[in-house]
Amino acid sequence: MTNFQIKRVTPNDLDELQTISRITFHETFAGDNSPEDMNKYLDEEFSAGKLNKELKDRNTQFYFATLKNKIIGYLKINFGPSQTELQNENAVEIERIYVLKAYYGKNPGQLLYQKALEIALQKKVDFIWLGVWEHNLRAIHFYKKNGFVAFDKHLFKLGDDDQTDIMMKLSLDHKTGSVNSDNSRS
Ligand SMILES: CC(C)(COP(=O)(O)OP(=O)(O)OC[C@H]1O[C@@H](n2cnc3c(N)ncnc32)[C@H](O)[C@@H]1OP(=O)(O)O)[C@@H](O)C(=O)NCCC(=O)NCCS
């Protein structure tokens with residue numbers, strides 16, 4: 001059994017976070033976007049200044065997935081006012097789960113997701129939500145198999161390109177600390 005670890009990212013890990021963020025975003029979306037849009041997005045969203053601010057935000061947490069101390073993926077989760085939309089106190093947002101392509105289907109994605117679920121249950125929120133690009137079929141399937149259902153759409157800007165994200169949510173039963181059975185509809 002491969003021994004993946006999940007560990008909290010601290011402000012001291014800024015360089016490593018920037019590196020894995022840029023590599024995984026590029027790996028995922030470079031094939032579907034112009035180099036100009038991609039570079040603009042990478043420079044704006046993963047600048048040291050922006051990531052440093054996010055690492056110090058008490059309403060955002062990052063976690064690395066590691067294998068033998070090599071960082072192979074990460075999770076970014078937002079609470080309260082730091083959610084990119086909704087800003088509902090009774091919800092948490094999974095803004096990003098990104099794993100290196102070489103590790104797709106090998107469990108770190110699922111472990112990062114389980115960390116997000118554990119945090120959401122601890123916080124006793126009503127639901128977890130996220131936005132995922134409408135053509136990102138692998139990720140949509142991943143979230144569906146974990147019980148998420150689509151509930152809306154929103155605009156996502158990659159560089160100068162307007163794209164559509166599907167918003168998905170998973171209801172939680174914080175009385176029993178479990179996922180609600182009505183999530184299995186999709
Ligand atoms: C999203 C992500 C974390 C999921 O981790 P993963 O290890 O790839 O997930 P899994 O392999 O467990 O699940 C993916 C599922 O999609 C299926 N799948 C793969 N390609 C697919 C496609 N083109 N269409 C539909 N389903 C597809 C796989 O068969 C698998 O389903 P199964 O377990 O029922 O066979 C990972 O793919 C990733 O990091 N992607 C890039 C970043 C990203 O898109 N993040 C999501 C936005 S935040």
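A nitrogen atom of the ligand sits 2.8 Å from a polar backbone atom of Ile-97. The model is predicted: local features need pLDDT of at least 70, side-chain atom pairs count only at pLDDT 80 or more, and totals for chains, interfaces and linings use all residues. Residues are numbered from 1 along each chain as its sequence is written, and side-chain values use heavy atoms, with hydrogens and water left out.

**Ligand site**
- The ligand is surrounded by 16 residues, each with a heavy atom within 4 Å of it.
- The closest are Val-99, Gly-105, Asn-136, Arg-138 and Lys-145.
- An N or O atom in the Asn-136 side chain lies 2.7 Å from a ligand oxygen atom.
- A ligand oxygen atom is also 3.1 Å from a polar side-chain atom of His-141.
- Alone, the ligand exposes 940 Å², and the protein buries 72% of that (Shrake-Rupley method, 1.4 Å probe).

**Helices α1 and α3**
- Helix α1 covers residues 14-29 and helix α3 residues 48-56; helices are DSSP runs of H or I with at least four residues, numbered from the N terminus.
- They pack at an angle of about 115°, with axes 10 Å apart.
- Axes are lines fitted to C-alpha atoms over the stretch in contact, and angles run from 0 to 180 degrees between N-to-C directions.
- From α1, Leu-14, Leu-17 and Gln-18 meet Ala-48, Leu-51, Asn-52 and Leu-55 of α3; contact means heavy atoms within 4.5 Å.
- Those residues divide into five nonpolar, two polar and no charged.

**Glu-45**
- Glu-45 belongs to helix α2, residues 35-45.
- Its side chain makes a polar contact of 3.1 Å with the side chain of Lys-50; within protein, such a contact pairs N or O atoms within 3.5 Å, one able to donate a hydrogen and the other to accept it.
- Leaving aside neighbours within four places in sequence, Glu-45 contacts Lys-50, Leu-51 and Arg-96.

Methods: Helices (H or I, at least four residues) and strands (E, at least two) are DSSP runs, numbered from the N terminus. Ala, Val, Leu, Ile, Met, Phe, Trp, Tyr, Cys and Pro count as nonpolar, Asp, Glu, Lys and Arg as charged, and the others, Gly among them, as polar.
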